[in-house]
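Have the model open as you read.

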Amino acid sequence: MMWRTGRVLSVRLAGRGAARLCSGSTLKPPSSSSRPQAEKQRRRRKQEEAILSSQHSPAEDKAVKWNEKQKIEYTALTAPGTKKDTSLLFPASYSPEYVESCWYQWWEREGFFRPEQHERLPHAVDRTFSLCIPPPNVTGSLHLGHALTVAVEDALVRWRRMQGYRVLWVPGCDHAGIATQTVVERRLLRERGKRRQDFTRQEFLREVWKWKNETGDEIYQQLRRLGASLDWSRACFTMDPALSRAVTEAFVRLCDSGLIYRSEALVNWSCALESVISDIEVDSKELSGPTMLSVPGYENKVEFGTMFTFAYAVEGHDGEVAVSTTRPETMLGDVAVAVHPDDPRYQAVHGKQCRHPFTNRLLPIITDPMVDMELGTGAVKVTPAHDHTDFLLSQRHSLPRLTVIGGDGTMTPPCGQWLEGVKRFDARQLVVDALLEKKLFRGKMNHAMTLPVCSRSGDIIEPLLKKQWFVNCDEMAKKAIQAVEDGQLEIIPHYYSKTWKNWLSNISDWCISRQLWWGHQIPAYQVELPNSTDKQEWVWGQSEDEARQRAAVKYGVKPEAITLTQDPDVLDTWFSSALFPFAMLGWPEQTTDLQRFYPNSILETGSDLIFFWVARMVMLGTELTGQLPFKQVLLHSMVRDKHGRKMSKSLGNVIDPLDVIHGVSLERLQEKVKEGNIDPRERLVAMEAQRKDFPKGIPPCGTDALRFALCSHKMEGEDISLSISQVLSCRHFCNKMWQTLRFTLGVLGDNTTPVGTLEEMIAVGSMERWICSRLYSTVVQCERAFEAYELHTVTSALYSFWVHSLCDVYMEYAKPVLVVQTDTEHSVRARQVASSVLYHCVSVSLALLSPFMPFITEELWQRLQPFSPGAAAQTTLCLQPYPCSSQLAHWHFPEEERDFLLVQEVIRVARSLRAQCGMTKERPAMWAVCSPSQAQVLLHFGSAVWTLSRIVSLHIYCPQRADSSVHSTPPPKGSLVAVVDHTCQLHLHIHSGVDVDKLILQLSQRRDKLVPKLEKILCRLQSPGYLSKVPAHVRQQMDTKMSALQQELKTIEDQLKVLQETQTTE
């Protein structure tokens, strides 16, 4: 059986003792006793215990801490789709509610997201960038995994659009066969007290379409709220007429080529849904032992995780075969016992038989080399209709396949009248009781196992033998492997290429039949010929008429003499999804879109869909169009919660991105968990995690902050553990941008001279040259990282430039120049240069950030436009040219950037030294004792050092050289010293106003904290086996840490010595 993870069998013959065999015959899911599963369970228990623990944990330190911000809303009367009025008063602080209103409706109405606008771009290039969004289910609402997909894809789409590419990003929605049918069935039962079977098929489908038309647009509105720049005029629903025609065409072509066939095989069956379900809709539930579970259709809970043992008599021998199974109700389907042909223990019983206790059938003892003689007794019981491995055995040995459980989950007639019609899990106890009565029951024991559960209904999956339609994947899989090996298809990250090959090399044929009403009804028809009752023959066609014509030709009869019955089943939802990259463009018609945008440029999706969706798109796309559906596959990691758990509805830890955007109370979060169909323990864990993580709920962070936070994670490698605190810090970044623009607009508003163009801007001063060069280097970083799809590198570079270079350094340096109003020619010129540099740094940065943060960048860019040196090429930032390094080549000064690293370190040390002496408000003089080359750098950036260090002057002393240009008097004796590097020190003279006793106390306390840390490191370094056991990179880190501590302690001792001498002189 599919979920009988290990069958323990024993064979007892005359004169032999009992022996046991653990047979891992089940192919899927993997055995729960395997190390990965055990480790997964251990990690999960540890995570749950940490959440439920009342002890203080590091996670609580990182709980979202925030203060309620004033909510500012845009209240101007703006008709939907018209441009937002940015001439209004600039609000004092950033508010996402204000910023993110109106813009999207304007972008969409103006057609900025359609490829047709490409012709109007002055900077247009003759290149195309196309992709489809992974179509979300029509029943669903977006979760953070969807939000990550949107953030990544939209960043790439907006970047290429700004580069002048002809861009098409198609939105779509999946009809989600099982999920939608389940939702509508529940609704009808709740509102009208009716079941699906109370309707005709057409009546029920009308109810589904009615529901879809009422609620199906919600998912599109959520995508709009995330700022996705999709071409809505080309939106596709997988049940639309055009896509339905593509599905029919694909099925017919694949049938004609022999790639789709009808056969009997074991499938994943949900008795509650009475349908086959795909592997992705099967959840694995780990059981450590006996567990009572609720099962749909049963009033009482059912026990799982127990192994039952019973005996078979061996016909003609004085012995029995003892068999252990977790599913005694299926023993009525046993048809054989298998042994290895070379096993000497069973030579005498080859071809013999066992007697079935209830049906009196004789079960042959067969030989097969796939049986492992070394495991236990070397004998295996065979149940072909309920076990994947046994089914293969039945094919090799022409064994019968006896189905003992029907599609509705009840026992079948071959079981006998005493079991016929009894529900499968009720039959379990009846079988055990009957075995006891026949004195064949040998006991039961606890058993750890993996239980497959239907994610849609909560039902226990039943492997059943069914006649279904299958896709033969062998040859198509080989082509898909070859495409990657030949470099025609690139999978990023590249390590997935190995996974791709391994999976496709062992692929099974794909069952595409689903026993549903909602979906694409299979365009295949059973044929009934005149004077014949045989309906086993099948034909297919684009329509019933075409199928009839095909049948007439095939059987040589008149079309009107043929009776056709269409297969009532529908196709697997993944079948239509696999056609999406070309069906969305009009295939099978040779449309303009298909010719222009196919193959797609890239497919971006979660790594968990590489097989269920990506591989199938590649196989069917290549087969049906003769081309790969895309040239690159970009896979992002899975989003987990801050505790490292997969976000899942069954765990109650899914975070709605709209809750992060708009904010939500803890009470509402807890209500959502209670509303879900969640196991009681999981509900307890989920609600406790919420109380710890979001004690005040989730603050409104806005779309821009969420998108920027998601793109800041490295997509390759480990899964993404997103915390709301990270998103909140990105909201703070938005506020930083907002305040920067407030300052910039204030400066530009007071400036009577217009700003020069980017090409005219020539940086003269040292600080202007440095900030312009930093901007150039940032643009280069963005170019390279975007091309490599390393979005985390782009976001990091942009954040670093705006916050650390522009705000913390250049603006602080330039404020005295920009704010102080003096009318000398020099000050006016300096103010004009600084304001022009500031304008271009902000303007270019907004364009660089636009793909990640479309709302705030549009708002701020629009407010900056009145001061633009020339008319903008476009009315919106999202169609402006993306900044390129060639445009800014005249701003590249690598020596300025290199030299300023020393300046920044001197500023940091000077500020620290002032703080130590309590001179936070004073501006003292300092001395720098350094090398001649360092002296030149400090002189070059002299005004920046004074301004940013908040000192009145910096005297430079070079003991190695008497050059008057850099030589000054040595620092006074009795000065405090701070080390910049091994050749540069800063000196601050202690004057009478300094509280020496307080300084000595502070330094002593700092020393007392550092000494134990150094001792701990030294102790570790001297421990036995340190050099052999500790990796080299860790040893290097420890050495660096130790050196830094020793250097700081030496500096403290020197400072204390100076201060103590100062005390004695006083």
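## The β24–β26 pair

Start with strand β24, residues 524-528, which runs antiparallel to β26 and is joined to it by four bridges. Find Q526 and look across: its bridge partner in β26 is T565. Strands here are DSSP runs of E with at least two residues, helices are runs of H or I with at least four, and both are numbered from the N terminus. Two strands count as paired if DSSP finds at least two bridges between them.

A word on the source: this is a predicted model, where local features need pLDDT of at least 70, side-chain atom pairs count only at pLDDT 80 or more, and totals for chains, interfaces and linings use all residues. Residues are numbered from 1 along each chain as its sequence is written, and side-chain values use heavy atoms, with hydrogens and water left out.

## The three-stranded sheet

That pair belongs to an open, antiparallel sheet of three strands, in the order β25-β24-β26. β25 (538-540) and β26 (563-566) are at the edges with a single partner strand each, so one side of each has no neighbour in the sheet. On average, neighbouring strands here are turned by 40 degrees against each other, direction ignored.

Helix α14 (residues 544-555) packs on this sheet and touches β24, β25 and β26 (contact means heavy atoms within 4.5 Å). The direction of α14 makes about 130 degrees with that of β25. Axes are lines fitted to C-alpha atoms, for helices over the stretch in contact, and angles between N-to-C directions run from 0 to 180 degrees.

## The four-stranded sheet

Another open sheet has four strands, ordered β8-β7-β20-β22, again with antiparallel pairing. β8 (275-276) and β22 (510-511) are its edge strands, each pairing on one side only.

Strand β20 (residues 462-471) pairs with β22 over two bridges, in the antiparallel sense. There, F470 sits opposite C511 of β22.
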